[in-house]
Amino acid sequence: QVRLVESGGGLVQAGGSLPLSCAVVGGLVTVGDMAWYRQAPGKQREMVASITSGDSVKYGDSVKGRFTISRDNAKNTINLQMNDLKPWDTADYYCKAQVRAPKRSSMWDYWGQGRQVTVSS
């Protein structure tokens with residue numbers, strides 16, 4: 001069964017750094033685009049950063065220059081390095097991946113359970 005395993009996040013003071021990682025597990029899967037989203041209380045979920053299987057990246061305007069997304073295709077893993085964190089970065093962060101499961105013909109979107117990131121001022 002395909003699932004996304006997230007790690008990282010936590011509590012940090014403003015200006016600090018935190019890493020997030022997300023691994024796709026589930027046997028012989030094919031992984032397409034992957035991304036991190038976040039959702040703060042009372043707000044809509046927004047895209048933070050995305051990366052294709054060819055390492056083409058996009059960032060949300062609010063994190064450009066501070067966050068870096070990277071990918072290890074051999075491990076079906078993405079990492080998000082978050083630097084110079086601001087209080088408004090506080091949110092639950094979710095990993096999303098396009099995955100073709102074993103013996104399936106179509107790609108489907110899968111989501112992780114979410115990791116909490118809290119930035120204190």
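Predicted model: local features only at pLDDT ≥ 70, side-chain atom pairs only at ≥ 80, totals over all residues.
Of its 121 residues, 39% count as buried. The C-alpha trace spans about 50 × 25 × 20 Å along the principal axes of the protein chain, and the radius of gyration is 14 Å, which agrees with the value near 14 Å that a compact globule of 121 residues would have.

The secondary structure of the protein chain comprises 11 strands and 0 helices, so that, read from the N terminus, the order of elements is simply β-β-β-β-β-β-β-β-β-β-β. Among contacts between residues at least 6 apart in sequence, 54% join residues that are at least 24 apart.

One part of this architecture is an open sheet of 4 strands, in which antiparallel pairing gives the order E1-E3-E8-E7. Because strand E1 (3–8) and E7 each have a single partner strand, they stand at the edges of the sheet, and one side of each is left without a neighbour there. From one strand to the next, the twist averages 15°.

E7 and E8 pair in the antiparallel sense over 6 bridges; Thr68 stands opposite Gln81 in E8, while the bridge partner of Ile69 in E8 is Leu80. In a regular strand the side chains alternate between the two faces of the sheet.

E7 and E8 form a hairpin with 4 residues between them, and Asn76 lies in its turn. Most residues other than glycine have a negative phi. Asn76, however, has a positive phi, near 50°, and its relative accessible area of 19% falls under the 20% limit, which means that Asn76 counts as buried. A second residue with a positive phi is Asp55, which is not a glycine and has a value of about 70°. Asp55 is placed in the loop between E5 and strand E6 (57–59), and with a relative accessible area of 46% Asp55 is partly exposed.

Which residues have the most contacts inside the largest nonpolar core? That core has 30 residues, and those with the most contacts inside it are Val24, Met34, Trp36, Leu80, Met82 and Tyr93. The elements that give two or more residues to the core are strands E3 (18–25), E4 (30–39), E5 (46–51), E7 (67–72), E8 (77–82), E9 (91–100) and E11 (115–120). Of these, E9 provides the largest share, with 5 residues.

Asp89 is placed in the loop between E8 and E9, and at 0% relative accessibility Asp89 counts as buried. Leaving aside residues up to four places away in sequence, Asp89 touches Arg38, Arg66, Phe67, Asp84, Val117 and Val119.

Key
Residues numbered from 1 in each chain as written. Heavy atoms only, no water. Core = buried A, V, L, I, M, F, W, Y, C linked by side-chain atoms within 4.5 Å. Buried < 20%, exposed > 50% of the residue type's maximum accessible area, 1.4 Å probe, protein only. Pairing = 2+ DSSP bridges. Axes fitted to C-alpha atoms, helices over the stretch in contact; angles between N-to-C directions. Rg over C-alpha atoms; globule rule 2.2 N^0.38 Å. Contact = heavy atoms within 4.5 Å.
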